[in-house]
Amino acid sequence: MATNVFRFQRRLKKIDSSPIFQWSVIAVIVLSALLIGVKTHDLPPSAISILSILDSAITVFFLVEICIRFLATRNKAGFFKNGWNIFDTVIVIGSLIPAGGSGVLLARLLRVFRVLRLISMVPELRLLINALLKAIPRMGYIALLMFVIFYIYAAIGSILFHQINEELW
């Protein structure tokens, strides 16, 4: 029994790590982004119904994809220690919210955020985002330096130009 489970996990891991699967997920993310853009135009009812079917199919695809990734992981708790997996799971589960009723705005927003899953699928983009997040604390020092420089220029301007217009300086 345990060997069947491990065999199943290996198959899912092989699917998850295959370039075809990865590129398929990226293609569906791009398609999802295009559908969101198309929905901003005035469309006939038949086109809207086709887009709704496509949107549902994309949601199901993402649900299957996240299930494959989760089931392919041996350490299930470890799956949720990765921030990108949590991000993807929240976006996919949020996409399951029906688009009708009072949750219309939330459902639309979460469908827009599906485009951000592209970041979690492309390793280079993940690396870039991680570097930006690590740089945020240093941004405070840049803001402080800019404040000091602007303050110096304001003081010099006040000294040099206060006689031209007293109200401005």
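Predicted model: local features only at pLDDT ≥ 70, side-chain atom pairs only at ≥ 80, totals over all residues.
Helices here are DSSP runs of H or I with at least four residues, numbered from the N terminus.

I will start with the second largest pocket. It holds about 300 Å³ of space. Which helices each supply at least two residues of its lining? They are helix 1, residues 2-17, helix 5, residues 83-95, and helix 7, residues 117-121. The lining itself consists of Lys13, Asp16, Gln22, Arg69, Thr73, Phe79, Asn82, Trp84, Asn85, Ser120, Met121 and Arg126. By class, that is three nonpolar residues, five polar and four charged.

Two of the lining residues come up again. Met121 lines this pocket, and Met121 is also one of the members of the largest nonpolar core that touch the most other members. Arg69 lines the pocket too, and Arg69 is on the list of buried residues in helix 3.

Now the core. The largest nonpolar core has 17 residues, and those touching the most other members are Val25, Ile29, Ile58, Phe62 and Met121. Helix 2, residues 19-38, and helix 3, residues 45-72, each supply at least two residues of this core. As background, nonpolar side chains in soluble globular proteins tend to be buried together.

Take Phe62 from that set. Setting aside residues up to four places away in sequence, Phe62 touches Val25, Val28, Ile29, Val92, Arg114 and Arg117. Helix 3 has 28 residues and spans 40 Å from its first C-alpha to its last, close to the 40 Å expected at 1.5 Å a residue. Its buried residues are Leu51, Asp55, Ile58, Thr59, Phe62, Glu65, Ile66, Ile68, Arg69 and Ala72.

Asp55 sits in helix 3. Why does aspartate 55 count as buried? Because its relative accessibility is 9%, and the cut-off for buried is under 20%. Beyond four places in sequence, Asp55 touches Leu35, Lys39, Arg111 and Arg114.

Last, Ile26, which is found in helix 2. Isoleucine 26 counts as buried because its relative accessibility is 14%. Leaving aside neighbours within four places in sequence, Ile26 is in contact with Leu118, Met121 and Val122. How far apart are isoleucine 26 and valine 115, in sequence and in space? In sequence the separation is 89 residues, and in space it is 9.4 Å, C-alpha to C-alpha.

To tie this up, Met121 is in the pocket lining, in the largest nonpolar core and in contact with Ile26.

Terms used:
Residues numbered from 1 in each chain as written. Heavy atoms only, no water. 1 Å grid on protein atoms, 1.4 Å probe; cavity = no way out; pocket = protein on both sides within 12 Å on 5 of 7 lines; lining within 4 Å. Points joined across faces, edges and corners; volume = space filled by probe spheres on them. Nonpolar A, V, L, I, M, F, W, Y, C, P; charged D, E, K, R; others polar. Core = buried A, V, L, I, M, F, W, Y, C linked by side-chain atoms within 4.5 Å. Buried < 20%, exposed > 50% of the residue type's maximum accessible area, 1.4 Å probe, protein only. Contact = heavy atoms within 4.5 Å. Expected span 1.5 Å × (residues − 1).
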